[in-house]
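Dear colleague,

Please find the structure below, together with its sequence. My notes on what was found in it follow directly after.

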Amino acid sequence: MTASSTVPTSDLGNLRVAIVGAGPAGIYAGNILTNSVAEAGGSVSIDLFESLPAPYGLIRYGVAPDHPRIKGIVNSLHEMLDAGTTRFIGNVEVGRDIALDELQERYDAVIIATGAIRDAALDIPGIDLPGSYGAADFVAWFDGHPDVPTEWTLDQPEVAVIGNGNVALDVARVLAKHAVDLRSTEIADNVLAGLEASAVTDVHVFGRRGPADIKFTPIELRELGEVPNVDIVVHDEDFVDADPANAANNQLKVMLRVLNSWRTREATGAGRRLHLHFYHSPVEVLGDGKVEGIRFERTEPIGDGRVRGTGEFREIAVQQVYRAVGYYGTPVVGAPFDERAGVVSNVEGRVKDAARTDDAEAPAIPGLYATGWIKRGPVGLIGHTKSDAMETIAHLVADVEAGRLSAPAVDGDVLDVLDEREVAYTTWDGWLALDAHERDLGANHLHTRERVKVVPRDEQVGISRGALVR
């Protein structure tokens, strides 16, 4: 980290801090705190707890395998953890293997950085029919997450994805892409086999608003148009408010140009088609015992990104539905949780003793903090995660300097507690062993690739524990 990425401090003394969650939010928070304390002449001991056997969170289990640019982020996170200033403790679920209050007893401060991994609800009739799924579950499957089933049924030709963000594009692209074009990625073998057996021919992506209000990024959108042997289908009626000259920023201008270029793109007769629909608000998932279609109300723009229903309804035949309308945080046992917002109750990273973040009278809980999506909700990119961590760490530092934190009440290494409870935790050395194993699998695979992910949790833990060093 550069000096500009650290938080100014005075004498912080010697701190012991626990961070719960080893995704970018937790790793950035640990790195910023380490640098801040070092600049002040103090020292900090950080334990980074993760419920999965491996680090990196959604970077490993929430990004499509055909995104090579993610490797740069992984390399950066690797360097931070490999520096030896933060101790990685994986395969430990706070609230099950060790309680949050037990961490609070053993550390000067605890930072919650567990992210948001559940799908936000879409409250329309029929959304729970067989064949209707949350995008987060599908993403977890194609990323080889150890806690989801290893098989996913793709035996229907027409599929709908509801949403206009990057997750919706990831899901649509993976569904539309031919499996042969994923062989060079780090995709798990069971996922590749599932995609090779796919019967999908048409993927429909639906957005409630228009092209000028999409939540994609230009890179994601361009990638969509570069998928081999897939035709992009758009509809002129959806482009009433899509002039690049009126775009609010350069990113949107680029994306509108891309979308408009697809209007005149000739169909090639490709084996699969990816349809982009705008101004479609889902009303009901249709079907008798299973998904058979979706009913939409056509919308129209009324300014400032808002739309209203036109009273025109359409039904489109599909046999599977994936909702990609956002993520929602998972409560952390022992921490106040705002059910409405789906976040740990907090103000600028200080966790509040309240059920709602906006309870102005609720006091902060000394020594308990939050950062990342569990703090502010599932919005923003990696850069936002870093600045978000800086805000939280700034408050932690201020609380130390003001004497608001209590010294740990319990001495001793937390690993002794985990050993006593026979928790099969993993370590950084264990991750290095698992990482090397996956790379060896890739190098020796029929389709040579950088790595092949190990999916079963017990296999990951076994490989990692084989390198356990205390």
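This is a predicted model: local features need pLDDT of at least 70, side-chain atom pairs count only at pLDDT 80 or more; totals for chains, interfaces and linings use all residues.

Glu422 is exposed, with a relative accessible area of 73%; exposed means over 50%, buried under 20% and partly exposed in between, using a 1.4 Å probe and protein chains only. Glu422 sits in the loop that links helix H12 (414-420) and helix H13 (428-443). Its phi is near 60 degrees, a positive value in a residue other than glycine.

Residues are numbered from 1 along each chain as its sequence is written, and side-chain values use heavy atoms, with hydrogens and water left out.

Asn229 also has a positive phi, about 55 degrees, although it is not a glycine. Asn229 belongs to the loop between helix H8 (218-225) and strand S9 (230-233), and at 44% relative accessibility it counts as partly exposed.

A further loop residue is Glu361, placed between strand S19 (350-352) and strand S20 (364-370). Glu361 is exposed, at 72% relative accessibility. The C-alpha atoms of Glu361 and Gly271 are separated by 60 Å, and the two residues are 90 apart along the chain.

Turning to buried positions, Asn164 lies in the loop between S7 and H6 and has a relative accessibility of 14%, so it counts as buried. Leaving aside residues up to four places away in sequence, Asn164 touches Val205, Phe206, Gly207, Arg209, Ile214, Lys215, Phe216 and Phe278; a contact means heavy atoms within 4.5 Å. Helix H6 (residues 166-176), at one end of that loop, is mostly covered, with 10 of its 11 residues buried. Among them are Leu169, Asp170, Arg173 and Leu175.

Ser281 is found in strand S11 (residues 280-286). Ser281 is buried because its relative accessible area is 17%, which is under the 20% limit. Beyond residues up to four places away in sequence, Ser281 touches Arg208, Arg295, Phe296, Glu297 and Thr299.

As for the whole chain, its secondary structure comes to 14 helices and 20 strands; these are DSSP runs numbered from the N terminus, helices being H or I of at least four residues and strands E of at least two. The radius of gyration is 24 Å, close to the 23 Å that the globule rule gives for 470 residues, so the chain is as compact as a globular protein of that length. That radius is taken over C-alpha atoms, and the rule is 2.2 Å times the number of residues to the power 0.38. Along its principal axes the C-alpha trace spans about 65 × 55 × 45 Å. Of the 470 residues, 53% count as buried. Among contacts between residues at least 6 apart in sequence, 74% join residues at least 24 apart.

Finally, a word on confidence. The chain averages a pLDDT of 91, and 95% of the residues score at least 70; pLDDT is the predictor's confidence in each residue, from 0 to 100. Over residues 1-10 the pLDDT is below 50, and this stretch has 26 contacts in the model beyond near neighbours in sequence. Among the elements, helix H3 (residues 70-82) has the lowest mean pLDDT (85), and strand S7 (residues 158-162) has the highest (98).

With kind regards
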